[in-house]
Amino acid sequence: MGRGRRPSIMLKGFPLRFLRPPRLPASKPISQICKINMSVMAQSISPKFISLEKGRHAAESICTGFRFRLVSYNILAQVYVKSSSFPHSPSSCLKWKSRSQAILADLKNIDADFLCIQELDEYDRFYKKIMESFGYSSLYIQRTGEKRDGCGIFYKSRSAEVVLTEEVHYNDLVDFLELKNGLTDNEDGTENNHTSEDASIKDLPEKRNNFRHGDPNDPRVRLKRDCVGQLAAFKLNDPSGHLIVVANTHIYWDPDWADVKLAQAKYLVSRLSQFKALVSVKFNCTPSVIVAGDFNSTPGDEVYKYLLSANSNSAGEPLVKLCSLYATNGGEPIFTNCTSGFTGTLDYIFLSDSSYIRPVSLLHVPGPDSTDIIGGLPNHHHPSDHLPIGGDFEDYDLTLHSA
């Protein structure tokens, strides 16, 4: 579920251009985005992958390397589906029976080798066995506390073998920051210029007395948002035996808690960098890295900017350098989340900039003029309030050797 749960809050601290619904053609005014009533169940939209190889020489475009498809998708956990949260959606689209079948149809039609799923609930009782029948093995982590959803990576065993995994619990941030003793320094080693949003994290020692009272300004309370992530190393089933590290995560949603989001992003990059180093040593290789998820941050937010700029932490240890899959191939989608309360881009796929894989196609994301989007999400065409993003990748090292 996106940031639109509390529309009264989301205006604070965010550029207006990211909060307005994208501009529509004159024939489709913005007011239509949540007023169309669709009363009949339509078939799911067939995914369209747009080739990035148009500029390549014909001889070079022949697939000689191992190709795989990775898609990230926040499927909207059923536990969060309430008519009051989605007043623009037809009630029939919100029922578990129809939504679950539509989600399965989406996942099957996407036909990805790797599916990074957020807000995955009903995993043991529903998705796990059915996805196994589609040829997928899976990894799952449920959110901490009483939360019923989590993150999952479904992967085709014919395409890859998992060789190492780690779980990321962002509730560990309190201990992590205390051990680092770096609440006065940023992860990149620069001096903090704290705003009122992140002052509560800086002032951790002074806030301890408020812990028992559940004061949200106490970082020992504030940082425990029950969010999680996954780190997994896969050996591709191709002649090179190339290893890739896949990270899947769901960052905290509340726009008023930008400091918590940024802290989670920094923790993810730190853990990811350590995991990549471990894989490198353990398997004597240089793994490529793909980071996918719902980051609940727009391209103008600090989380997004940090993920693209992090170089080293306060100890001088190198961090994984990332670039955005979509931004480096034409630009981020206009939006990946579309509801009556919020329309904007929250979902991303990032790649390590020294990767041995290269994207060869992108999953097309519908724009505001698409008839299947008008009216807002979820609807009869899209069972979630988010849209899937992804791409096809090729081990270009193999291509170079075959050239």
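This is a predicted model: local features need pLDDT of at least 70, side-chain atom pairs count only at pLDDT 80 or more; totals for chains, interfaces and linings use all residues.
Let's start with the strands. Seven of them make an open sheet with mixed pairing, and the order runs S1-S14-S15-S2-S3-S5-S4. At the edges you'll find S1 (49-51) and S4 (136-142); each has a single partner strand, so one side of each is left without a neighbour in the sheet. From one strand to the next, the twist averages 25 degrees.

In general, strands of a sheet pair through backbone hydrogen bonds, in either a parallel or an antiparallel way.

## Helices on the sheet

Helix H4 (residues 96-110) packs on the sheet, where it touches S1, S2 (67-74), S3 (114-120) and S4. The direction of H4 makes about 160 degrees with that of S2.

Helix H5 (residues 123-133) packs on the sheet too, touching S3, S4 and S5 (150-156). Its direction makes about 160 degrees with that of S4.

Which residues have the most contacts inside the largest nonpolar core? They are Phe68, Leu70, Phe114, Leu115, Phe154 and Phe234, in a core of 49 residues. Strand S3 gives the largest share of this core, with five residues. Setting aside residues up to four places away in sequence, Phe114 touches several others, including Phe68, Leu70, Phe154, Phe234 and Ile244.

There's also a second, separate core of 41 residues, with Leu262, Val279, Val289 and Tyr348 among them. In soluble globular proteins, nonpolar side chains tend to be buried together.

Key:
Residues are numbered from 1 along each chain as its sequence is written. Side-chain values use heavy atoms; hydrogens and water are left out. Two strands pair if DSSP finds at least two bridges between them. Helices (H or I, at least four residues) and strands (E, at least two) are DSSP runs, numbered from the N terminus. Axes are lines fitted to C-alpha atoms, for helices over the stretch in contact, and angles run from 0 to 180 degrees between N-to-C directions. Contact means heavy atoms within 4.5 Å. A nonpolar core is a set of buried Ala, Val, Leu, Ile, Met, Phe, Trp, Tyr and Cys residues joined through side-chain atoms within 4.5 Å. Buried means under 20% relative accessible area, exposed over 50%, partly exposed in between (1.4 Å probe, protein chains only).
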